[in-house]
Amino acid sequence: MKYSTKLSDTVHVMVLIAINQEKSLSSASIAESVHTNPGFVRQLMLKLKKAELMTSVAGHARPSLSKPADQITLLDIYKAVEGDKPLLHLDTHTNPDCGVGINIQLSLQGFYNEIQKAAEEKMNTITLQDIIDTYYQRISIENNLQNINRGNV
């Protein structure tokens, strides 16, 4: 089963943009970090531009966030790249001749809607700045562990 990584890839792109404001960031260099192709990065960036979450000028490798990272939520990013696509998907190809097959999807839909609502409410409380801060915390912990392992305490 294939699942989408658009949200995590897009957050990755936005963090790169936020922490490298003074550096040149081509779609090729971003793609190298995300471990994907530049075309995919350009698609994500186009969606971010349409959602007014980032700006860029054609021919210049200096994308930027269109507002401060603490004003961009994970839900904003999700909606930019996934639109109204739900997190959980029903299997609409079940056997219509089976009593369970014909009714299980309708039975699940209400619960999936509740999960979607709760997830979106939580995503709306997480900002890009929260993610950046957590990234820096992880880097700091990693550096401290490396120093301990080297005996540089």
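The largest pocket in this predicted model has a lining of 16 residues, and those nearest its centre are Ser27, Arg42, Met45, Ser56 and His60. The space inside the largest pocket comes to about 290 Å³. Helix H3, residues 38–50, is the element that gives the most to this lining, with 4 residues. Sorted by class, the lining of the largest pocket holds 8 nonpolar, 5 polar and 3 charged residues.

The second largest pocket has a volume of about 230 Å³. In the second largest pocket, 5 of the lining residues are nonpolar, 2 are polar and 3 are charged.

The remaining topic is a pair of helices. H1 covers residues 6–19 and H2 covers residues 27–34; their axes come within 10 Å and cross at roughly 125°. H1 is therefore oblique to H2, since an angle counts as roughly perpendicular from 65 to 115 degrees and as roughly antiparallel over 145. The crossing of H1 past H2 is right-handed.

Which residues make the contact between H1 and H2? From H1 come Asp9, His12, Val13 and Leu16, and from H2 come Ile30, Ser33 and Val34. By class, this contact consists of 4 nonpolar, 2 polar and 1 charged residues. Asp9 is the charged residue here, while His12 and Ser33 are the polar ones.

Methods. Residues numbered from 1 in each chain as written. Predicted model: local features only at pLDDT ≥ 70, side-chain atom pairs only at ≥ 80, totals over all residues. Heavy atoms only, no water. Axes fitted to C-alpha atoms, helices over the stretch in contact; angles between N-to-C directions. Helix = DSSP H or I, 4+ residues; strand = E, 2+ residues; numbered from the N terminus. Parallel < 35°, antiparallel > 145°, perpendicular 65-115°, else oblique. Left-handed = near helix turned anticlockwise from the far one by under 90°. Contact = heavy atoms within 4.5 Å. 1 Å grid on protein atoms, 1.4 Å probe; cavity = no way out; pocket = protein on both sides within 12 Å on 5 of 7 lines; lining within 4 Å. Points joined across faces, edges and corners; volume = space filled by probe spheres on them.
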